[in-house]
Amino acid sequence: MVQDITIEELLKIKDIVLLDVRSEGEYEEATIPGALNLPLFSNEERAMIGTTYVQVSPALAKEQGLAIAGPKLDGLYNQARQWSKGRPVVLFCWRGGMRSKSLATVLGLMGLPVYRLQGGYKAYRHLVHDYFSREFPFKVVVLRGNTGVGKTELLKRLRADGYPAIDLESLANNRGSVFGSVGLGSGPSQKSFEAALYEELRMLADFPYIIVECESKRIGRINLPTNVYEAMKMGPQILIYDSVQHRVERLIKEYTQYPHADLEIKSALGRLTKNLGHKTIAQYSALLEQGNLEEFTEGMLKYYDALYAYPNQPSHDYDDSISNEDPEKGIKELEDYLDQWSGILRRTTLFGICDTAK
């Protein structure tokens with residue numbers, strides 16, 4: 001038996017298997033996070049059927065689709081059964097049309113517990129788009145500081161300790177600088193990033209605030225949703241600082257863990273030619289070729305420190321300033337600040353006081 005459900009009902013169901021029956025190209029562009037791809041038609045088959053639908057007739061396109069899908073049904077059923085392991089499966093296509101309906105019917109007849117998502121992926125995309133079009137429901141604490149001070153490490157530690165921290169750079173698969181993609185490969189599509197961020201925020205819905213690292217509007221190939229970016233400007237701004245030595249060590253450890261990172265770094269370095277000039281770029285390239293990573297990294301820090309212009313010591317321009325030279329001391333000071341600030345936030349929210357940004 002096949003039961004149609006709405007996107008709102010889907011979000012409330014636990015222990016299910018999401019099956020995206022669209023083509024592999026559609027799936028790779030964006031899907032509902034956690035969904036597995038069970039394509040009824042390949043990219044080429046979908047294009048061929050679509051051409052027939054438009055240029056010949058819908059009836060002939062349906063016949064063509066049936067002829068292509070028929071021989072696949074046994075394999076699709078066995079794959080769905082293997083993934084299901086007794087759990088209900090939820091099928092969706094682009095907008096809850098023929099692809100999900102036909103395959104859901106077959107799987108249901110074969111005894112699998114099957115749901116079909118009304119509106120398909122389009123319904124989920126509309127939900128995410130609507131979420132980021134409204135006023136952002138969280139206050140945002142922002143960690144600021146120069147490159148290499150350990151902001152990402154602090155976010156990971158905070159999340160492990162139960163705080164509502166979100167690593168935006170991890171979701172974007174980019175560190176946000178000209179060297180941001182080194183060792184990471186290509187980033188997600190805009191739709192995939194927004195879906196991943198939405199799911200993170202949905203998991204943290206019981207918190208009145210989140211913690212992120214300061215980012216520009218653009219991270220790699222994606223753009224932060226406007227409501228998130230604007231909210232980041234309004235919350236507490238925490239300065240993180242550390243010694244140059246520690247920052248150099250941290251960055252070298254981060255980047256040298258990837259094979260062929262030196263080649264990617266050298267390639268990325270070329271994109272700074274307009275800013276630094278050919279002579280300086282040639283000097284930095286020579287340092288890379290010599291394996292002098294300490295001098296190269298320190299030189300890059302001087303460039304980025306001047307660019308970002310964050311203090312490397314405590315400053316009254318921020319809501320708090322925390323040294324990360326001793327990571328255990330730094331995380332304790334940060335968590336103490338968050339505990340105190342969030343306590344004030346909860347009390348003021350309880351009594352209906354809205355201005356809690358600082």
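**A parallel sheet and its surroundings**

In E7, Leu 143 has Glu 213 as its bridge partner. That pair belongs to the 5 bridges that join strand E6 (residues 139-144) to E7, the two running parallel; strands here are DSSP runs (E, at least two residues), as are helices (H or I, at least four), numbered from the N terminus. This is a predicted model, where local features need pLDDT of at least 70 and side-chain atom pairs count only at pLDDT 80 or more, while totals for chains, interfaces and linings use all residues. Residues are numbered from 1 along each chain as its sequence is written, and side-chain values use heavy atoms, leaving out hydrogens and water.

Now zoom out to the sheet. It's an open one of 4 strands, ordered E7-E6-E10-E11 with parallel pairing (strands pair if DSSP finds at least two bridges between them). E7 and strand E11 (320-323) sit at the edges with a single partner strand each, so one side of each has no neighbour in the sheet.

Next, Glu 215, in the loop between strand E7 (209-213) and strand E8 (218-219). Beyond its neighbours within four places in sequence, Glu 215 has contacts including Leu 168, Tyr 229 and Met 232, with contact meaning heavy atoms within 4.5 Å.

Finally, helix H12: Arg 247, Leu 251 and Tyr 255 are among its buried residues, which pack against helix H8 (151-160), helix H13 (261-269) and helix H16 (293-308).

Notes. Buried means under 20% relative accessible area, exposed over 50%, partly exposed in between (1.4 Å probe, protein chains only).
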